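Thank you all for coming. Please have the sequence and the model open beside you, and I will walk through them slowly, part by part.

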Amino acid sequence: MVGGGVVRRRITVRGVVQGVGFRPFVHQLATRSGLTGLVGNDTAGVFIEVQGSREVVDALRAELIAHPPPLARIHSVHVADVPTKTETHFVIVASQLSTVGTSSVPTDVGTCDECLRELFDPTDRRFRYPFVNCTHCGPRYTIVRGLPYDRPATTMAGFPMCADCEREYHDPADRRFHAQPIACPACGPRVWLESGGARGGDDEDAIREAVKVLAGGGIVAMKGIGGFHLACDATNPDAILRLRERKGRKGKPFAVMVKGVEHARRIAEVSGDEAAVLTGPERPIVMLKRWADQGEVDDGIAPGLNSVGLMLPYSPLHHLLIDDRPLVMTSGNRSDEPIAGDSADARERLADLADAFLMHDRIIHTVCDDSVVRVFAGHEYPVRRSRGYAPLPLKLPRPGKCVLAVGGELKATLCVTVGDHAYLSQHIGDVESIDTLAALDRTAEHLLDLFRVSPEVVACDLHPGYLSADWAAGFAERRGVPLVRVQHHHAHVASLLTDANWQGGPVLVVCFDGTGYGTDGAIWGGEFFHAGTGTIERVAHLKYVPLPGGDTAIRKPYRTALAHLWAAGVPWAPELWPVNSAVASDAERRVLRQQLERNVNCVPTSSMGRLFDAVAALACVRHEVSYEGQAAMELEAHAAAAGSCEPFPFGVSDSLPIELDPMPTLSAVVAGLRRRLPVEVIASRFHATVAEMVRVVARVLNATAVGLTGGVFQNVTLLDLVSERLRTDGRTVLTHRQVPCNDGGLSLGQAVTAGGIQ
Ligand SMILES: [Zn+2]
Ligand SMILES: [Zn+2]
C-alpha cells in the first residue's frame with residue numbers, strides 16, 4: 001500500500017464499543033477493503049489506525065458509523081491524519097491503558113439466535129452446553145472486574161481456553177473472534193446440583209434433576225447471570241405458597257419466565273411493541289396486562305393485580321431448563337435483603353428457602369437484578385433499570401463536574417457523571433439495612449474504579465434520616481469534596497428533564513409519589529414545579545393533611561384514610577371501613593384522634609401516594625400493605641376494570657402556589673360508598689379526579705409542555721388519563737423513557753442538579 005493518494009488515519013470511537021464485536025468488525029471491514037493498520041481497545045473506547053487510498057479509508061470510516069455491530073452505540077468519532085507506516089496487514093493489537101476518558105462498560109446480553117441453534121444441534125461441539133456465548137451475546141457487566149474489557153479483566157480469567165476455543169478466539173472470520181467469555185465443555189464453567197448439603201450430578205444430570213425438582217413442586221435456587229433466582233412451577237399453587245412463606249414475601253408479585261412470546265400470550269395480552277421488548281437483547285421482565293381468567297399461571301403470582309411480569313429465557317441454562325411449564329423466577333433473597341450472587345453466600349442465606357441448588361463455577365463479580373419495564377405509547381417505560389441496561393450511560397446536554405449521586409432510600413441506584421455522560425448503576429435495593437448499604441458501598445467503589453474517576457461532588461437526598469445520605473456525607477468528608485443535598489422532588493424533576501432531553505425553556509413538571517422530604521420539613525408528594533435549567537419553583541401542591549405517626553401510616557392505609565376523613569371534616573361513622581373495629585381497634589382510633597386533635601406527632605403531608613392509600617382503604621381495597629405501592633396498584637386494577645368515568649370534585653385555590661384540596665373528593669367518595677357505588681366505579685372516578693387536577697393546574701398556569709414523573713406514574717392507567725387530557729388541550733407531554741419515574745431515577749436527577757447541568 002504505497003504510492004500516490006495513500007493516507008493513514010487514526011480514528012477514535014467512543015461509546016458502547018467494547019464487548020460488542022467492534023474490533024473484529026473493523027478487522028473484517030479493513031481486510032476486505034485491502035487496508036492495513038491496527039485496531040485496539042483502550043480505557044476510553046476503540047482506536048483504529050487505517051492506511052490505504054483516501055477514498056477507501058473514507059469509505060471505511062463512513063461504513064463503521066453507518067452500520068456498526070448491532071449492540072454498539074457510538075457516541076463520538078474523532079479522525080486525525082497520522083504519518084504512514086510500512087506494513088502489510090491489518091491487525092488487532094493488545095489493549096492500551098490510557099489515563100484520559102472513559103469507555104462504556106458493555107451490558108449483559110441474552111443468548112443470540114446462532115448460539116441457540118448450536119445449543120440444540122447434536123452435531124455441534126457446544127450441544128447442550130449451558131455457557132455457550134459469542135461476540136453478540138453473553139455476560140458482560142456482571143463478569144467485568146476492570147477495563148479495558150478483555151478476558152484477563154473478567155471472571156473468565158480463571159478458565160484457560162482449550163485449543164479449539166483458542167482457534168476461534170483468534171480467527172477473524174469466526175463469530176467468536178475476541179469473544180471474551182468464550183467457553184466450551186472442554187475448558188469452560190460447569191453446572192452441578194446440590195441438595196441437602198450433598199453434591200449431586202453434573203451438567204446433563206444436574207439439569208435433569210433440577211427439572212424433576214421443579215416438576216415435583218420444589219424450589220430450586222439457580223445461579224444465573226446477575227445472581228441467584230428462586231424458581232418454582234408457576235402453575236402450582238402449593239409451590240407458590242411455599243415460596244411466599246419461605247421467602248417472607250406476602251403479596252408482592254413474582255416474575256414468571258415463559259419459553260417464548262406465544263407462551264406469554266397464553267397468560268397476558270402482548271402487543272407487537274411488547275413482543276419486541278420481550279425478545280430484545282436486554283431481556284427484561286415486561287409488565288403485561290393479564291387475561292382476566294389468569295391464563296395458565298396461578299393467581300398467587302400477582303394477587304389482586306391486573307398485570308403480570310413476564311420474561312423470556314436469557315441464558316443457555318434457562319433455555320435448557322424451561323419447557324412448556326412457566327416458571328416463577330424471583331430474585332434469590334429473603335424479602336428486604338440484596339440478591340445473592342456468591343455461591344457460598346447463597347448456600348448460607350438460601351439454605352432454608354431452596355430444596356436444591358443449581359450451581360455453576362463462573363464468578364458473578366457484580367450482582368444485577370432483572371430489569372423491569374412497561375411499554376407505554378410504543379416506548380419502553382422503565383420500572384427497574386438493571387441487568388441488560390446498567391451501566392449504559394445517558395448522554396447529557398453538556399459536560400459538567402464529576403458527581404457521585406447515591407439516590408434516596410427505596411429502589412436505590414447510583415449515578416456517576418463523567419464529562420457529558422451519566423452512568424447509572426444496577427438496582428441496589430431499599431437502603432434500609434446494613435446489607436444494602438454494603439451493596440451501595442461496593443457498587444460505588446466498583447464504578448469509580450472502572451471509570452478511573454474521583455468525584456468532585458457527592459450528592460444525596462435532603463432527608464435527614466436516610467442511611468444513603470449518611471454514607472454520602474462520610475464519603476464526601478473522606479475525599480474532601482463538597483456534599484450537595486438535593487430535595488427529593490427536585491431530583492425527580494431533573495431526572496425527567498434529562499431523560500426526556502428537554503432543552504426548551506421552563507416547563508411545568510408534575511411529580512406525584514409517596515414520600516419525599518420537603519424544603520419546609522413537610523412530607524411532599526403531590527407536587528407541581530415550574531422548572532428549567534438551574535431554576536425550580538413549587539407552583540402547586542396537594543393541600544397538607546396531618547398524618548399521625550408519619551411512616552407507620554405507609555404500611556397502614558386505614559390510618560391515612562382516618563386522617564384524611566378527619567381533615568375533610570367527615571365524621572368517623574362506623575359503616576366506613578377504616579372505622580370498622582375489625583380493621584383498627586377502638587383503642588388505636590382513640591389514640592389517633594387525640595394525636596390529630598392535639599396535633600401531636602403529626603407530620604403535614606401533600607403526598608399523592610397517601611391520597612391513593614386513603615381512597616383504597618375507604619373503598620375496602622386494602623387496609624394494610626406488604627410492599628410499597630400495593631394499595632395504589634390494587635386500586636388501579638379496579639379502575640382499569642371499570643373503564644373511564646366522571647371525576648369527583650376537588651378544590652383549587654386562587655393564590656400561588658396553587659393548593660389542590662382533596663377534601664371535596666374524600667366527601668364525594670364517602671357519599672358514593674353510601675350510595676353503594678361499585679368499587680370499580682369509585683376507583684375509576686378517583687383516577688379521573690387526579691387526572692383532572694393535572695389538567696386544571698396546566699390550564700391555570702397556561703403550560704405549553706407538561707412533564708410527568710414520580711412513582712405514582714408507574715400507574716399506567718393514570719398516566720394514560722393524564723396524557724390524554726393534556727394532549728387534548730394541545731400540550732406537549734414529557735414522560736420517562738430511559739430511567740424509572742420512581743426512586744430508581746433519583747440518582748440521575750441528583751447528579752445533574754449537583755453537577756450544574758440541569
Ligand atoms: Zn451468541
Ligand atoms: Zn474450549
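This is a predicted model: local features need pLDDT of at least 70, side-chain atom pairs count only at pLDDT 80 or more; totals for chains, interfaces and linings use all residues.

Let me begin with a question: is H178 buried or exposed? H178 is buried, because its relative accessible area is 17%, and buried here stands for under 20% relative accessible area, exposed for over 50%, and partly exposed for what falls in between, with a 1.4 Å probe and protein chains only. Residues are numbered from 1 along each chain as its sequence is written, chains are lettered from A and ligands numbered from 1 in the order in which they are written, and side-chain values use heavy atoms, with hydrogens and water left out.

Staying with H178, its phi is near 60 degrees, which is a positive value in a residue other than glycine. H178 sits in the loop between helix 4 and strand 6 (191-195), where helices (H or I, at least four residues) and strands (E, at least two) are DSSP runs numbered from the N terminus. A second residue of this kind is N599, which is not a glycine and has a positive phi of about 55 degrees. N599 lies in the loop between helix 16 (586-598) and strand 28 (602-605), and N599 is exposed, with a relative accessible area of 54%.

Now to the metal sites, starting with the zinc ion (ligand 1), which is coordinated by the SG atoms of C112, C115, C134 and C137 at 2.3 to 2.4 Å. Donors are N, O and S atoms within 2.8 Å of the metal (3.2 Å for Na, K and Ca), and since water is not among the atoms, sites may look incomplete. The four donor atoms around the zinc ion (ligand 1) subtend angles of 103 to 121 degrees, so the arrangement is tetrahedral, a word used for four donors if all angles lie between 85 and 135 degrees. Along the sequence, the donor residues of the zinc ion (ligand 1) are spaced C-x2-C-x18-C-x2-C. Distant parts of the chain are linked here, with C112 in the loop between strand 5 and helix 3 (113-119), and C134, 22 residues apart from it, in the loop between helix 3 and helix 4 (163-170). Both C112 and C134 are buried.

What are the protein donors of the zinc ion (ligand 2)? They are the SG atoms of C162, C165, C184 and C187, lying 2.2 to 2.4 Å from the ion. The site of the zinc ion (ligand 2) is tetrahedral, with angles of 100 to 116 degrees among its four donor atoms, and its donors follow the spacing C-x2-C-x18-C-x2-C along the chain.

Let us turn to a sheet, in which five strands in the order 4-1-3-2-5 form an open arrangement with mixed pairing; two strands pair if DSSP finds at least two bridges between them. Strand 4 (73-82) and strand 5 (90-92) each have a single partner strand, so they stand at the edges and one side of each is left without a neighbour in the sheet. Strand 2 (residues 36-42) pairs with strand 5 in the parallel sense over three bridges, and G37 stands opposite F90 in strand 5. Helix 1 (residues 22-32) packs on this sheet, touching strands 1 to 5, where contact means heavy atoms within 4.5 Å.Next comes K401, which is found in the loop between strand 18 (393-395) and strand 19 (403-405). K401 is partly exposed, with a relative accessible area of 44%, and, leaving aside neighbours within four places in sequence, K401 is in contact with T417, E456, V457 and G755. The C-alpha atoms of K401 and V752 are separated by 9.0 Å, although these residues are 351 residues apart along the chain.

Finally, please look for two cis peptide bonds. One joins L147 and P148, with omega about -5 degrees, and P148 lies in the loop between helix 3 and helix 4. Another runs from A390 to P391, with omega near 0 degrees, and P391 is placed in the loop between strand 17 (379-384) and strand 18.

Terms used:
Four donors count as tetrahedral if all angles lie between 85 and 135 degrees; four count as square planar and six as octahedral if opposite donors are over 155 degrees apart and all others between 65 and 115; anything else is irregular. Axes are lines fitted to C-alpha atoms, for helices over the stretch in contact, and angles run from 0 to 180 degrees between N-to-C directions.
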